[in-house]
Amino acid sequence: MSLPSGPAVRHDELIRHVVASTGLAPEIAVRLVADVLGYFGETTEEFVRRRHAELHRRGHPNATIWPQIGAELAGRRVAASPLTERQLRRLVYG
């Protein structure tokens, strides 16, 4: 199967899995994977800023925003911040 080019192509194994498990056309699977990766690609900082702005625009006061964002973060996967080689080594070797 030839997959369309685009930002999600580097995830071709995942795209093939989505195509096989859902029957979606490869072009749609590429868009779906790109959308999902984009959604979960936010860093913690980006997520907090975005959610604060959304909730603030809806009129929520900070006193209710902070606990809500904290609760949402507890159940959400976010992209890791970039790590230096030293930080990576410390994760492995302590």
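User: Let's start with E42: is that residue buried or exposed?
Analyst: This is a predicted model, in which local features need pLDDT of at least 70 and side-chain atom pairs count only at pLDDT 80 or more, while totals for chains, interfaces and linings use all residues. Residues are numbered from 1 along each chain as its sequence is written, and side-chain values use heavy atoms, leaving out hydrogens and water. On relative accessible area, under 20% is buried, over 50% is exposed and in between is partly exposed (1.4 Å probe, protein chains only). E42 comes out at 13%, so E42 is buried.

User: How far apart are the N and O atoms where R50 and E42 meet?
Analyst: Side chains of opposite charge can pair when their charged atoms come close. A salt bridge here is a side-chain nitrogen of Lys or Arg within 4 Å of a carboxyl oxygen of Asp or Glu. R50, partly exposed with a relative accessible area of 28%, makes one with E42, and the N to O distance is 2.7 Å.

User: R76 also meets E42, so how many residues apart are they?
Analyst: Their side chains form a salt bridge at 3.0 Å, N to O. R76 sits in the loop between helix 4 (62–74) and helix 5 (85–93), and E42 in the loop between helix 2 (26–40) and helix 3 (44–57). Helices are DSSP runs (H or I, at least four residues), numbered from the N terminus. The pair links distant parts of the chain, and the separation in residues is 34.

User: Which residue has its backbone oxygen 2.7 Å from a polar atom of R76's side chain?
Analyst: R76 counts as buried, at 13% relative accessibility. Contact means heavy atoms within 4.5 Å. Leaving aside residues up to four places away in sequence, R76 touches Y39, F40, E42, F47 and R50. The backbone oxygen 2.7 Å from the R76 side chain belongs to Y39.

User: What separates E54 and R51 along helix 3?
Analyst: E54 and R51 form a salt bridge with their closest N and O atoms 2.6 Å apart, and both residues are buried. Because they are 3 residues apart in helix 3, what separates them is about one helical turn.

User: Which residues are linked in a network of salt bridges?
Analyst: The structure holds 7 salt bridges. The network linked by such bridges consists of E42, R50, R51, E54, E72 and R76.

How values were computed: Helices (H or I, at least four residues) and strands (E, at least two) are DSSP runs, numbered from the N terminus. A polar contact is a pair of N or O atoms within 3.5 Å; within protein, one must be able to donate a hydrogen and the other to accept it, and residues adjacent in sequence count only if both atoms are side-chain atoms.
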